[in-house]
Amino acid sequence: MLTIGAHMSIAGGIARAAKHTAAMEANTMQIFSRNPRGSNYRTYEQEEIRIFQDIRNRYSFGPLLAHAPYTMNLASANEKTYEFACMVIREDLVRMEALEIENLVFHPGSHTGIGVEAGIENIISGLNQAVTESQNITVLLETMSGKGTEIGASFEELKAIRDGVRYPEKIGVCLDTCHVFAAGYDIAHDLDGVLEEFDRVLGLPLLRAVHLNDSMMPFGSRKDRHAAAGEGEIGLDALLGVITHPKLKELPFYLETPFDEEGHRKEIAMLRGKLGIRKDEKEWER
Ligand code: FE
Ligand code: FE
Ligand code: ZN
């Protein structure tokens, strides 16, 4: 079974996002854990949560993914920025766990001049004050394109973060196809090689989710611009190769392509259609 969905707006609440996911014939979704560019969040009413859980169970959604706000920079040396980031990850882990969301993904952060090592130390301390031994939700580090002073463009940096924390078993990885391609991992021509590298450095079992995006920017550009599947430098065949790869096909895939809900519905239908056309009974039995 292919588990695929899109990043959904929570402007109308979480029940609405789940309802629209089902209407799109998707079976998972990503939502922001709070306002992505600010700091506020809405507390969902019990009735809304009940409807959300009901839809997700009725339609057998796969693992759900919450995305931390972009304003959260755990690598920052600026005290205010850092304290804010610590508070956000602490609160949102509790809030998302209460909704029984399986994973919370965040951008490791930008060191803004203090260097990669110092940035990673900050990220580790920030995670240690938020992650608990008893939590069920897993924290996913997102692979980044490496723009500016961004940490997480190499598998080694993600490994250093995970190895440094108190509860590494609570930390996994979310692979963003656009970001790794821009960072210099050639998933378009050598997906097997990239996965071998991931396995060697981090271990493939740590890979829990995939952000399925094409890239507007060329290979190794270290620029982060998402394109619709098949309309970028990665290309449709390579993205279909990601969805169907024996080592990836059981993972949940989340589209973060520049579309509204109707566009994402069509994109998912298009991907399913292509998979149907390429169907080979032995290879495609899921
Ligand atoms: Fe992201
Ligand atoms: Fe992403
Ligand atoms: Zn991106």
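**Entry 1: two histidines**

Are His-67 and His-107 buried or exposed? I looked, and both are buried, where buried means under 20% relative accessible area, exposed over 50% and partly exposed in between (1.4 Å probe, protein chains only).

A note to myself on ground rules: this is a predicted model, in which local features need pLDDT of at least 70 and side-chain atom pairs count only at pLDDT 80 or more, while totals for chains, interfaces and linings use all residues. Residues are numbered from 1 along each chain as its sequence is written, chains are lettered from A and ligands numbered from 1 in the order in which they are written, and side-chain values use heavy atoms, with hydrogens and water left out.

**Entry 2: the iron ion (ligand 1)**

I asked what holds this ion, and found His-67 (NE2), His-107 (NE2) and Glu-142 (OE) coordinating the iron ion (ligand 1) at 2.1 to 2.3 Å. Donors here are N, O and S atoms within 2.8 Å of the metal (3.2 Å for Na, K and Ca); water is not among the atoms, so sites may look incomplete. Along the chain these donors follow the spacing H-x39-H-x34-E. The two histidines link distant parts of the chain: His-67 is in strand E3 (residues 65–67), and His-107 is in the loop between strand E4 (103–106) and strand E5 (109–110), 40 residues apart. I note that helices (H or I, at least four residues) and strands (E, at least two) are DSSP runs, numbered from the N terminus.

**Entry 3: the iron ion (ligand 2)**

Next I turned to the iron ion (ligand 2), which is coordinated by Glu-142 (OE), Asp-176 (OD), His-211 (ND1) and Glu-256 (OE) at 2.0 to 2.2 Å. The two iron ions are 3.2 Å apart, and Glu-142 coordinates both. Glu-142 sits in strand E6 (residues 138–142), while Glu-256 sits in the loop between strand E12 (252–255) and helix H9 (261–277), 114 residues apart.

Why does Glu-142 count as buried? Its relative accessible area is 1%, and buried means under 20%. Glu-256 is buried too, with a relative accessible area of 14%.

**Entry 4: the barrel**

I traced a closed barrel of eight strands, running E1-E2-E3-E4-E6-E8-E9-E12 with parallel pairing; two strands pair if DSSP finds at least two bridges between them. E6 runs parallel to strand E8 (residues 171–176), and four bridges join them. In E8, Cys-174 stands opposite Glu-142.

Thr-257 is buried, with a relative accessible area of 4%. Leaving aside neighbours within four places in sequence, its contacts (heavy atoms within 4.5 Å) include Leu-212, Asn-213, His-264 and Glu-267.

The largest nonpolar core has 86 residues, and Leu-74, Ile-89, Phe-106, Leu-127 and Leu-212 touch the most other members. Such a core is a set of buried Ala, Val, Leu, Ile, Met, Phe, Trp, Tyr and Cys residues joined through side-chain atoms within 4.5 Å. Its largest share, eight residues, comes from helix H3 (residues 79–98). Apart from it lies another core, of six residues, among them Val-105, Leu-140, Cys-174 and Ala-209.
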